[in-house]
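Me: I have a chain open and would like to go through it. Can you help me read it?

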Amino acid sequence: MNREIERKFLVTDEAYKAEAVESHRLVQGYICRSQGRTVRVRIADGTGWLTIKGPSESGGLARSEWEKEIPLEDAQSLMSLCEGGVIDKTRWIVPEAGGLKYEVDEFLGQNRGLVVAEIELPSEDAAFVPASWLGREVTGDRRFYNSMLVSYPFCKWPELEKATVAAAE
């Protein structure tokens, strides 16, 4: 099992699109979301994935993760077991100057209007070059976890909360 270490940020503008080297359409749902553990099924560009994540550690910076490619037909069948609905998003891959990469998620559907960037790091204290379009860091803020956005999508956030997100960008 791998240990995923990542930091998450709001995105201030669409400049990341000009820097992106690829993009992918992702649809994902959650079979289980309890006590900080999730079981996720994802379809990305016609490929199925099953992912199990453990509880967050280090203030949301790290957690255990197991992921395996599965047949598309299995992923499509598993989607019917998902709780609450699905997350629909376009993921933009943007190289970072230090050799890492940003994954910028532009949410669609009920989470339209929310854009979040993540950067996976080799260690909790690893340095990286912050992109000019990064806004406020939201690492560990559960509102921005995909598993939370299924049951509490951005479109249902109170206007004051949405305004706070927009102002922080």
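The chat below goes from the whole chain to one residue.

Me: What should I know about the model before starting?

Reply: This is a predicted model, in which local features need pLDDT of at least 70 and side-chain atom pairs count only at pLDDT 80 or more, while totals for chains, interfaces and linings use all residues. Residues are numbered from 1 along each chain as its sequence is written, and side-chain values use heavy atoms, with hydrogens and water left out.

Me: ok, how many helices and strands does the chain have?

Reply: There are four helices and nine strands. Both are DSSP runs numbered from the N terminus: helices are H or I with at least four residues, strands are E with at least two. Their order along the sequence is β-α-β-β-β-β-α-β-β-β-β-α-α.

Me: And how much of the chain is buried?

Reply: Buried residues are 44% of the 169 residues. Buried means under 20% relative accessible area, exposed over 50%, and partly exposed in between, with a 1.4 Å probe and protein chains only.

Me: Switching to Thr-51. Which strand is it in?

Reply: Thr-51 lies in strand β4, which covers residues 47-53.

Me: Buried or exposed?

Reply: Thr-51 counts as buried, because its relative accessibility is 1%.

Me: What does Thr-51 touch?

Reply: Beyond neighbours within four places in sequence, Thr-51 is in contact with Thr-38, Val-39, Arg-40, Glu-65, Trp-66 and Glu-67. Contact means heavy atoms within 4.5 Å.

Me: Which side chain makes a polar contact with Thr-51?

Reply: That of Glu-67, at 2.8 Å. A polar contact is a pair of N or O atoms within 3.5 Å; within protein, one must be able to donate a hydrogen and the other to accept it, and residues adjacent in sequence count only if both atoms are side-chain atoms.
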